[in-house]
Amino acid sequence: MKGNTLQRLQDRVAVITGGGSGIGKASAVRLAAEGARVVVVDVDAATGKAVADAVNGEFAQVDITNEDGIRGLFDDVVERHGRLDIVFNNAGISPPDDDSILTTGIDAWRRVQEVNLTSVFLGCKYAIPHMQRQGKGSIINTASFVALMGAATSQISYTASKGGVLAMSRELGVQFAREGIRVNALCPGPVNTPLLQELFAKDPERAARRLVHIPLGRFAEPEEIAAAVAFLASDDSSFITASQFLVDGGLTGAYVTPL
Ligand SMILES: NC(=O)c1ccc[n+]([C@@H]2O[C@H](COP(=O)([O-])OP(=O)(O)OC[C@H]3O[C@@H](n4cnc5c(N)ncnc54)[C@H](O)[C@@H]3O)[C@@H](O)[C@H]2O)c1
């Protein structure tokens, strides 16, 4: 223990996509606090670099939909650090033009599939060979509770993309289990992000409609998701692979919630 923080990731090399904001940012802070050497990946250079600096890590400006970019990123990390222990494929988008199937255009559908699902395909495809050489590695892919339950407030491509992340992670977890590589799908419930706060401050009814379903009666803090990421990244989760790892305040288990 260093201060109050466990040191489960001493000198492990961790790549976090979408590390400039939200869950990715909180995870960069948590993994670094547990001793990892963190590479923050983001399209947004300003926020990504600020997080990397704050955690004494490195920043790489890569668009995760770019195949050459992702391949080069992992090759470069391994060349410089000699290893790749943890990959958190986390970056994702939920744009407003991804809505009901009746109004969502094919371009919005494709863009969300590219950023949320194809990027995870690439992030696994080019990380796994490095981990195979080491005989060890932990990959965590961000899905969502919407991969497990339906919403009448649809974001159709987003939901489909997260279902894809869940199924792909399960398959990879099974395929590479005996090579020491664990792959898990992290399924957060709704998280208290600035975007969500802004949306719900304008529309309290919209917030209430969602909050009523969560037994814990609140949204998650990014740090609570990051704690699960650190667990899945560490050897404490050595018998956990191919899982749908829920961190959802009880949402998916609930029928009637407390008053
Ligand atoms: N916030 C929630 O309530 C919630 C709930 C469940 C799942 N998730 C998922 O968790 C993940 C992180 O969500 P968040 O709320 O922290 O998001 P966020 O918007 O705060 O951060 C996402 C980051 O990804 C980066 N990014 C976007 N497109 C990129 C690209 N093409 N290449 C590289 N970087 C890119 C953005 O610049 C941003 O820094 C997403 O996959 C999201 O779908 C979020």
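Aspartate 53 and lysine 49 are joined by a salt bridge, with their closest N and O atoms 3.1 Å apart, where a salt bridge is defined as a side-chain nitrogen of Lys or Arg within 4 Å of a carboxyl oxygen of Asp or Glu. The structure is a predicted model, in which local features need pLDDT of at least 70 and side-chain atom pairs count only at pLDDT 80 or more, while totals for chains, interfaces and linings use all residues. Residues are numbered from 1 along each chain as its sequence is written, and side-chain values use heavy atoms, with hydrogens and water left out.

Both aspartate 53 and lysine 49 belong to helix H2 (residues 45-54), in which they are four residues apart, about one turn of the helix; helices (H or I, at least four residues) and strands (E, at least two) are DSSP runs, numbered from the N terminus. Aspartate 53 is partly exposed at 47% relative accessibility, and lysine 49 is partly exposed at 43%, given that buried means under 20% relative accessible area, exposed over 50%, and partly exposed in between (1.4 Å probe, protein chains only).

By the salt-bridge rule, the count comes to 13. One of these pairs arginine 12 with aspartate 235, at 2.9 Å from N to O. Arginine 12 lies in the segment before strand E1 (13-17) and aspartate 235 in the loop between helix H9 (222-233) and strand E7 (244-247), so the pair ties together parts that are 223 residues apart in sequence. Arginine 12 is buried at 18% relative accessibility, whereas aspartate 235 is partly exposed at 37%.

A further salt bridge links arginine 218 to glutamate 224, with the closest N and O atoms 2.8 Å apart.
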